Every structure is written in structure tokens, then in C-alpha cells.
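Work through the exercises below with the model open. Try each task before reading its solution.

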Amino acid sequence: MDKKKQSVSLLLSRFRGWIQAAATLLTNIHLPNFFKGGIYQGAGKTVCVPGLNCYSCPAASGACPIGSFQSVVGSSKFNFSYYVTGTLILLGVLLGRFVCGFLCPFGWLQELLHKIPSPKLSTRRLKPLRYIKYAVLLIMVVLLPAVIINTSGMGDPFFCKYLCPQGVLEGAIPLSLTNAGIRAALGKLFSWKFCILLAVVVGSVVFYRPFCKWLCPLGAVYALMNHVSLFQMRVDRDTCVSCGACAKACPMDVDITKTPNHAECIRCGKCIKSCPTKAICYQYGFGDKSKTEIKEN
């Protein structure tokens with residue numbers, strides 16, 4: 001194993017929390033808007049941020065890629081969002097689910113909630129639930145906004161409107177605190193979304209990243225790109241002793257020695273820190289795949 005790669009990998013994994021905090025701040029840089037009760041609507045809102053972050057957040061510096069995709073798909077003037085789709089493909093090829101592990105504000109929030117002292121439950125037996133997010137992507141993000149339209153020819157952003165808890169957390173709640181008109185307009189839909197947010201918050205305390213694992217359509221997009229992304233995991237099979245420490249440490253229920261670039265791997269680096277022989281590291285680029293996977297006996 002290249003010592004330089006190993007050192008960089010350990011450094012990146014150790015400072016991941018700080019990187020997540022910095023990414024969240026940059027994604028929501030307009031903090032004074034929380035007190036003004038307004039939404040930043042400058043030129044930055046035409047650019048998609050990498051992670052799940054609500055457009056309606058007062059501090060948001062850019063647009064959520066899922067929300068942007070739905071708004072274009074549901075528009076009466078356009079049928080397909082080439083810009084947003086191209087952005088997602090580019091990010092997927094360059095980084096894969098590194099975005100989920102390092103750059104997503106809502107993913108970071110779930111991790112912080114999981115640090116709250118409480119009994120923790122494993123999700124290993126709940127692996128089939130991970131496929132729900134692909135159904136959410138296909139049905140709520142792509143099909144429904146394009147198929148179900150109103151008299152004006154516009155489709156609802158079904159995921160943002162009916163499922164995404166980030167909209168309530170970052171948008172509805174802070175805006176309603178400073179705007180009496182918004183408070184008066186809150187109704188059954190807000191109550192429904194608030195219940196979803198509450199379920200995700202409680203679930204995140206006992207499960208590791210439940211929304212990311214089971215429901216997030218943005219995570220589904222990056223998961224589809226994980227195996228071909230330039231940012232990958234490398235396992236040196238000459239150094240690995242098959243002790244199983246990495247599989248036990250993985251909060252996403254992945255055995256990296258068998259599938260280093262599994263769709264569920266968010267590149268969190270916990271396997272890197274747990275490996276006693278330093279057989280695991282990050283790798284960028286196509287590189288040498290000859291030592292990437294451990295073959296089962």
C-alpha cells in the first residue's frame with residue numbers, strides 16, 4: 001500500500017466532520033437571512049449544490065438538485081432538465097457517494113443526531129429497505145411531476161412537497177418563526193411533513209443515517225454512479241488479513257473487501273481507520289485495479 005495514499009486517506013477520514021461542517025456552512029452561507037425571514041435569491045440560486053439542501057432555506061446559497069430537476073420536469077415549457085441531469089452525472093462521475101459522506105448537510109445532521117446517547121439499532125437485517133430510495137427517485141422525482149399536471153400544465157414537485165423533511169427543517173420552520181403570514185398559512189401539509197421530519201430525527205438517533213439509506217433520491221443517483229466514479233476505495237489484497245474489522249466498523253452495512261465500491265458506500269473512511277494492516281485507502285482516478293477486490297476462498 002502506498003504510504004502517501006494511506007496518510008492522505010487517514011487525514012481525510014479523521015477530519016471528515018470538519019469538512020462536513022464547512023460544506024454545510026458554504027451551502028448555507030447567507031446566515032443573516034434567518035433573522036430577516038427572507039430567502040436569498042441572487043445569482044447563486046441558479047447553481048445546484050452537491051447535497052440535499054432546501055432552496056427555501058433562508059441561508060441557502062444554491063439550489064437543491066432534486067428540487068431543480070422536479071421544477072423543470074414539471075414545467076409546461078420543458079420536458080427534461082439537461083443542466084441538472086448533467087450536473088448530477090458530473091458529480092457522480094467525479095465523486096460518487098463521497099458527496100453523501102462529506103458534502104451533504106442533511107447527512108451530517110443525521111450523523112450528529114446519531115451521536116446522542118441512546119440504544120443503537122443495527123440496520124443489517126433491513127437491507128431490502130435500501131431499494132425504496134430508487135423507487136422514490138423514479139416515481140416521486142421523475143414520473144409524477146411529468147405525468148400529473150394541473151390545468152396550467154404544471155406538475156407538482158412531489159418529493160419536495162410531500163416527503164422531503166429538509167424543506168420543513170430549513171424552510172418552513174425558520175421562515176414561519178419570523179413571518180406571521182407564513183405561520184397563518186401552515187396547514188395539514190405542514191403537519192404531515194413535520195411528522196416525517198420528527199420520524200427521521202428520532203430514527204437518526206437509533207439508526208445510522210436512515211433517510212440516506214432508505215429514502216433519499218439524491219443518494220440513489222450517486223449510488224448508481226458509485227462504481228464508475230473516479231473517487232473510489234482501494235483494498236490491497238496482499239496486505240489484507242480478512243479479519244473483518246472493516247465490515248464491523250462500516251455503518252452502511254458494506255463489506256468493503258468484497259465490494260470496495262458498493263452503491264451504499266459513502267466513503268466515510270471508518271473502514272480505513274479500523275484496518276489493523278492499513279490495507280484500505282482512498283484512490284482517485286482509474287488507477288491500478290489489480291489489488292482492488294478481495295476474492296472469497
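The exercises cover surface patches and backbone angles.

This is a predicted model, where local features need pLDDT of at least 70, side-chain atom pairs count only at pLDDT 80 or more, and totals for chains, interfaces and linings use all residues. Residues are numbered from 1 along each chain as its sequence is written, and side-chain values use heavy atoms, with hydrogens and water left out.

**Exercise 1.** Find which residues gather in a patch of positive charge on the surface.

Solution. Patch residues have over 30% relative accessible area and no salt bridge, with like charges joined within 9 Å and nonpolar side chains (Val, Leu, Ile, Met, Phe, Trp, Tyr) within 5 Å. A salt bridge is a side-chain nitrogen of Lys or Arg within 4 Å of a carboxyl oxygen of Asp or Glu. The positive patch consists of Arg14, Lys115, Lys273 and Lys278. Now place Lys273: it sits in helix 16 (residues 270-274). Lys273 counts as partly exposed because its relative accessibility is 45%. The classes are buried (under 20% relative accessible area), exposed (over 50%) and partly exposed in between (1.4 Å probe, protein chains only).

**Exercise 2.** Find which residues form a nonpolar patch on the surface.

Solution. Leu138, Ile139, Leu143, Val147 and Ile148 form it, with about 450 Å² of accessible area together. Ile148 lies in the loop between helix 8 (132-147) and helix 9 (158-162).

**Exercise 3.** Is Asp253 buried or exposed?

Solution. Start with the backbone: phi of Asp253 is near 60°, a positive value. Most residues other than glycine have a negative phi. Next, the place: Asp253 is in the loop between helix 15 and helix 16. Finally, Asp253 is buried, because its relative accessible area is 9%.

Conventions:
Areas by Shrake-Rupley, 256 points an atom, 1.4 Å probe, with all protein chains shown as cover. Lys, Arg positive; Asp, Glu negative; His and termini not counted. Charge placed at Lys NZ, Arg CZ, Asp CG, Glu CD. Helix = DSSP H or I, 4+ residues; strand = E, 2+ residues; numbered from the N terminus.
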